[in-house]
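Dear colleague,

Please find below the structure that I would like to hand over to you. My notes on what was found in it follow directly after.

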Amino acid sequence: MHLLDKFLTLQQSLTKFGIQNSRSEKDDSDIKIQVILKSCCQLLNVARVSLWLFSKDKKSIVCQYLYIKADDKFESGLEIPESACPEYFEALNTSRVINADNAQTDYRTREFLADYLTPLNIMSMLDAPIFREGELAGVLCIEQTIAPQVWDMAEISYSVSVADSISLIYAQSCWFSEKQKMRYMERVDPLTCLENRFFFQKRIAQDITHAAGDNQFAVILIGLDDFTNINTRFSYDFANKLLCEISRRLENISSKVPYNLSRVGGDLFALWLPSIKEQSQLDKMIFDIKDQFTTAFKTFTNEMIHLTASIGVISCHMNELIDKDPLRKAEIAMLKAKEEGNGAVSYFDPIWLIEHQEEAILEKEFVDALNHGQIVPFYQPIIKQEYESSGFALEALVRWIHPTKGVISPYVILPIAKRLGLMGELGNVIFEQTCIDIKQFINLGLNLKKVSVNISSEQLFSSLLIKHIEDCLDKYQVSTFLIEFEIVEELLSGDFDVLSNQMEKLISLGINLSIDDFGTGYSSLSRLKNLNVSKLKIDKSFVDGLPHDEGDICIVRSIIGLAKGMGLQLVAEGVENQEQAEWLFKNGCDYLQGYLISKPIPSADIIQLMTDENRFFTDNCK
Ligand code: C2E
Ligand code: MG
Ligand code: MG
C-alpha cells in the first residue's frame, strides 16, 4: 500500500472512529495563539507581532500569524529562507532573545533591511524562541515601526513569557494528539485500519449489555482458506496487500443491516450485526461476503489468484446467550466450515463446544508429542511393475502414537500443526526420523529402493529446508538417492521463481521429486515440464472407479499418456483390489501403492515385511 493510500485510509478510519484528527483541538490552539499575539501587541504598544515556525527541513521560517495593530487584522504565509539571513538564523539557534533596538544596523537583523525592514518601516525587533517537543521550533517576533524602541528588561522578560506560553500551547496540543493516537492504536488493526479484536469484542459485549432481550444478532467469522500458503508461496508484502484488499471489499459491502467489521486474527475477519430483523438479511449478508471472493486477486506479477473463505456464523436472540463471547462460538463454527472444505458456511451448534474443548487439549498435547518422539513416520510399500529383483520403495506417512488415544491419523495431526504454525517442525521431525529408520533398514541389509517423504508448502518455501536436509543426511549417513520428496500438485501454482529455485536445490542434492495427488489440483503443464520432477502420483480418487467407471478410466489413461509423453514415471495411489492393479499395470502404470499391498505400518513391521518380501509379493501380486 502506498504511503498516501495508507494515510487516506487512516484519515477515513479516524473519522469513522469519531477521532477527527485532533482538528477541534488544533482550532482551539490557533485561537489561543491569536489572542496571545494580539494582546502582546496591545500591551507592548508595538506595531506588529508575529509567530514564525521553521519549515520541515529547518531551512526557512514561515509566518503562521502576523497581527498588525493599525489594521487590527491577521496575516500569514510569508517565508524567509536561511540563505537570505544566515546571521539571523545563527542568532536564533544560539540566543534566548534577539533584542535589536536598531534593527536596521544590528548585525543579526540588518540582513532584512532591503526586502523587509525598509519597505515596512520597521525600526526595532524583539524576537524570542518558541519550543516544541524540546526543540527550537520557531520564533515570536515583535516589531516596532516609525521610531526605534529600546527594549527594557520588563519588555524582554514579557516577550520571553509570551513565547513560552505559545510553546506550552504547542506542548499541550502535541500531548493531546498523542493521547488520541494512542486511543486510536488501542482500537485499530494497524495493517488494515479495521477495528482490532480487542475493541471488536468490547463493542459486542457493550451492545449485548445494552440490547433489548428479543433483539436478534449475528457474528460472522470469515477464515481465509490456506492463507499460510499465500504467505509462503508469495511474499509477506503480497499477503499483507491481499489482507488490505479483502478488508476494503468487506468494508464496502452495501447492506441495509448495520454491521461492524474487524480483523480479529492474521487471516480472520469478523462482522458484528447487532440487529437483524429477519433471517433473509443474514442470508443476504453471507451471500455478499462470499461474493467478495468471486473476483480474483492480482499478484505483483499480474497473476490472478482465487481465494476462498470458510465462514462460521452464530445468530440468536440476545436473551438466548449464555455469555458475552459469541465471537468464540463463531470461531468454532468457522473451524467446522474449514473441515467441510473450501468455502463452506457453518452455523454454530452448542454440541461443538465440547468437541472444541477436546481439540484444544489435543493441540496442547501436540507440542509435547513433537518433542517426545510420539510423532513418527509409518511406511507404506510401493511396488514396481517389472519386478526385477527383491526390494521396494516406501512412502513415509506421519502418525501420532498417542499414549491414550492410540494411533492418530494425518487428517487430525496436520490441521493441528497448521493451526499452531508447526508444519515446519513437524516436517523436520518426520524427515529426521525417516533418516534414522533408513539407516536401520540399510544396516539390517534390507533391500530398500527409495523412501518418499511428503513435504508441505511451509517446508518447501522455507530457507531452512535445504540445511536441515543436508544435516540429517550427513548425520545419519543416508545417501540422497534413497530419498524422494512428494509435493502436492497445488503447490506448483506458487511463486515460480522461488519454487523452481528451491526445487533445483533439492534436485542438485540428488533428491527426486514427485507430484502427489496428481489430477486434483490445477498445475500448468509448462510448469511441470520446467520443474524437473520425475514422478506423478495418480490420486486415489481416480483409482477408486477402475476398471469400470468410464470417467476414471478416461482420466487415468490421459494421465498415463501425459506422463509417458513427458518422460515421467507413474505411481497409482490407493490400489485396493486385484482388478485395479491388473488394469493399471496393463495400461502402463509403473508403480502401485495401496491397501492391496499393505496399509502404512510402523518401521518394525516394515522390517518384518521386507524380510519376508518374496513371499509377500508372490501371495499378493501374482
Ligand atoms: P498422500 O501423501 O497422498 O498419502 C496417501 C494416503 O492415502 C495415505 O493416507 C495412505 O494411508 C492412504 N492410502 C494409501 N493406500 C490406500 C488405500 O488403498 N485405501 C485407502 N483408503 N487409503 C489409502 P494418510 O497416511 O492418512 O495420509 C494422508 C495425507 O496426509 C497424505 O496423503 C499426505 O498428503 C499427508 N501426509 C501424511 N504424512 C505427511 C507428512 O509427513 N508430511 C506432510 N506434509 N503431509 C503428510
Ligand atoms: Mg504422499
Ligand atoms: Mg496422494
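**Asp214 and its surroundings**

Asp214 is in contact with His317 and Asn319, leaving aside its neighbours within four places in sequence; contact here means heavy atoms within 4.5 Å. Asp214 lies in the loop between α6 and β8 (216-224), where helices (H or I, at least four residues) and strands (E, at least two) are DSSP runs, numbered from the N terminus. At 59% relative accessibility, Asp214 counts as exposed; the terms are buried for under 20% relative accessible area, exposed for over 50%, and partly exposed in between (1.4 Å probe, protein chains only).

**Basis of the model**

The model is predicted: local features need pLDDT of at least 70, side-chain atom pairs count only at pLDDT 80 or more, and totals for chains, interfaces and linings use all residues. Residues are numbered from 1 along each chain as its sequence is written, chains are lettered from A and ligands numbered from 1 in the order in which they are written, and side-chain values use heavy atoms, with hydrogens and water left out.

**The chain as a whole**

The secondary structure of the chain comes to 22 helices and 23 strands. Its radius of gyration is 37 Å, well over the 25 Å that the globule rule gives for 622 residues, so the chain is more spread out than a compact globule. That radius is taken over C-alpha atoms, and the globule rule is 2.2 Å times the number of residues to the power 0.38. The C-alpha trace spans about 120 × 60 × 45 Å along its principal axes.

Of the 622 residues in the chain, 50% are buried. Among contacts with a separation of 6 or more, 65% are between residues 24 or more positions apart. The accessible surface comes to about 30000 Å², and 54% of this belongs to carbon and sulfur atoms; such areas come from the Shrake-Rupley method with a 1.4 Å probe, and for residues only the protein chains shown count as cover.

**Two packed helices**

Two packed helices are described by the angle between their axes and the distance between the axes. Helix α10 (residues 326-340) packs against helix α11 (residues 352-371) at an angle of about 75°, and their axes are 10 Å apart. Axes are lines fitted to C-alpha atoms, for helices over the stretch in contact, and angles run from 0 to 180 degrees between N-to-C directions. The helices α10 and α11 are therefore roughly perpendicular to each other; angles under 35 degrees count as roughly parallel, over 145 as roughly antiparallel, 65 to 115 as roughly perpendicular and the rest as oblique.

On the α10 side, the contact is made by Arg328, Ile332, Ala333, Leu335, Lys336 and Glu339, which meet Trp352, Leu353, Glu355, His356 and Glu359 in α11. These residues divide into 5 nonpolar, 1 polar and 5 charged. Here Ala, Val, Leu, Ile, Met, Phe, Trp, Tyr, Cys and Pro count as nonpolar, Asp, Glu, Lys and Arg as charged, and the others, Gly among them, as polar.

**Two glutamates**

Glu484 lies in strand β19 (residues 483-488) and is buried, with a relative accessible area of 4%. Not counting residues up to four places away in sequence, Glu484 touches Lys450, Val451, Ser452, Val453, Ile511, Asn512, Ser514 and Lys535.

Glu458 lies in helix α14 (residues 457-460) and, at 15% relative accessibility, counts as buried. With residues up to four places away in sequence not counted, Glu458 touches Thr228, Thr232, Lys418, Met423 and Gly424. Glu458 and Lys418 are 40 residues apart in sequence, and their C-alpha atoms are 9.1 Å apart in space.

**Backbone features in loops**

Ile146 has a positive phi of about 70° although it is not a glycine. It lies in the loop between β7 (135-145) and α5 (153-187) and is exposed, with a relative accessible area of 67%. Cys193, another residue other than glycine, has a positive phi near 65°. Cys193 is placed in the loop between α5 and α6 (197-210) and is buried, with a relative accessible area of 3%.

A cis peptide bond joins Leu546 and Pro547, with omega about 0°. Pro547 is found in the loop between α18 (540-543) and α19 (550-565).

With kind regards
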